[in-house]
Amino acid sequence: MELYIEKIVITPIAITDPPLLNAAGLHASYALRTVVEIITNTGIAGVSEIPGNEEVNKALEEIAPLLRGWDPFQLNGLQRLIHNTFGADKPDARGDAPWDQRKVVHIFSALEVACLDVIGKYTDRPVVDLLGGKMRDEVPFAAYLFYKYEGAGGRLGFDMDPSAKGWAAARQQAAIDPQGVVDQAKAMCREFGFQSIKLKGGAFPPNEEVNAMLALHEEFGGMPLRHDPNANWTMGSALSYGTKMQDVLEYWEDPVRGQKNMAELRRQMKVPFATNMCTTSFDDFPESVRLHSEDIILSDHHFWGGLKASMELSRLCMTFDRALSMHSNSHLGISLAAMVHLGAAIPNFSYALDTHYPWQSEEIIKGGRLAFENGAVAVPEGPGLGVELDHAALQSLHNNYLECGLTERNDEIEMQKVNPDWSFKPVRW
Ligand SMILES: [Mg+2]
């Protein structure tokens, strides 16, 4: 039977987000996401979710009419169409920007994942089977700790729910010192069963962050620990403070900026290096291999151009002796489901993946939020991604988007609301 795209619906949403600190500033009360639905002539609805950004949304609106009548199996042609329409991403779109601002990879990821969801539903197979099949039934994730101010995000800013219990209560608490970080880790691990821990750093002076990592080691013993200052430490700080904590780290994520600095520092240390900042595209790979800038690539299907491209990255990583794991932004269950299908398919899996999911409290999929068991998420059952959109919930979060007035992520502006003298510095400490 003929199968073609009849309609594409693009819905920007805003999800409440706690005041999390990072090298780029402070998370706003809302994180933006964009949900794409591809409806076919046969009535199949395929979905995907990407980071929200007005420019990307406009580009999706621009390309959507061109895809009316498109066969969703034709993903190579879709890629060419996107490149012919928008050109390639500018080389500086990642560069020193605090986070990934590339347009083309986001557009392709949004459309590719929704097409794969369609194909899965059309063929009655889960997406993991479209990626070559399941290597594991469940995918482990890491506890993702943040330095944070008190509050859980939302309409009133840092508003609190005094009736919250368990992790819902703990996620509102401030964590600005080693004890706060340890308390946060205990609450998060108790709730989700995580068996690896990452601290987002770059927010406080290196000695304070080293003390937090040592306190985590003290509390959690042999639990694998990671620290990620988002490349905002100097080479000197990284060498002297990194040496103090390297023995307790499973890997160190982007201590310094750029492949050259990463490679130089890596040679002087005895801890594996990971990145989601210096090697972020296939174009970066030759120089990564030449310099050996990292040991682990933290992929992200939203940034590497979709799920099939991530499988190609997996093969490249095996060829050049890199491990592969995953980066995350604030996200909901559609992105999580896609990450789980991919995580279940990649053969070279040795590190629990990142996820911000515990920091979010809302959901747009039927049946509510996906469950973690012992820190892992089972591959969703059913064809495609195995999730269905809850249109009422989607509408409600779209209303948030319309009301909150945000059009792109800007953690610097949010930080300046708290500390007017603060400005983003690519290298701070
Ligand atoms: Mg990172």
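A residue is taken as buried if 20 or more other C-beta atoms lie within 10 Å of its own, as exposed if 12 or fewer do, and as partly exposed in between, with C-beta atoms placed from the backbone. The model is a predicted one, in which local features need pLDDT of at least 70 and side-chain atom pairs count only at pLDDT 80 or more, whereas totals for chains, interfaces and linings use all residues. Residues are numbered from 1 along each chain as its sequence is written.

Strand S8 belongs to an open sheet of 7 strands, ordered S7-S8-S9-S10-S11-S12-S13 and paired in parallel; strands (E, at least two residues) and helices (H or I, at least four residues) are DSSP runs numbered from the N terminus, and two strands pair if DSSP finds at least two bridges between them. The edges are formed by S7 (143–146) and S13 (323–326), each of which pairs on one side only. From one strand to the next the twist averages 25°, where axes are lines fitted to C-alpha atoms, for helices over the stretch in contact, and angles run from 0 to 180 degrees between N-to-C directions.

Strands S7 and S8 run parallel and are joined by 4 bridges, with lysine 198 of S8 as the bridge partner of tyrosine 144. The parallel pairing of S8 with S9 likewise comprises 4 bridges, and leucine 199 has histidine 227 of S9 as its bridge partner. Strand S9 (residues 225–228) pairs in turn with S10 (residues 251–253), in the parallel sense and over 2 bridges; here histidine 227 stands opposite tryptophan 252. Helix H6 (residues 178–192) lies across S7 and S8, running at about 150° to S7.

The axes of helices H8 (residues 235–245) and H9 (residues 259–268) come within 11 Å and cross at roughly 25°, so that H8 is roughly parallel to H9, a term applied to angles under 35 degrees. Their contact, defined by C-beta atoms placed from the backbone that lie within 7 Å, is made by Met235, Ala238 and Leu239 of H8 and by Asn261, Leu265 and Gln268 of H9.

In the loop between H8 and S10 lies glutamine 246, which is partly exposed, with 16 other C-beta atoms within 10 Å. Leaving aside neighbours within four places in sequence, glutamine 246 is in contact with Met269, Lys270 and Val271. The C-alpha atoms of glutamine 246 and methionine 269, 23 residues apart along the chain, are separated by 7.9 Å.

Terms used
Two residues are in contact if their C-beta atoms, placed from the backbone, lie within 7 Å. Angles under 35 degrees count as roughly parallel, over 145 as roughly antiparallel, 65 to 115 as roughly perpendicular and the rest as oblique.
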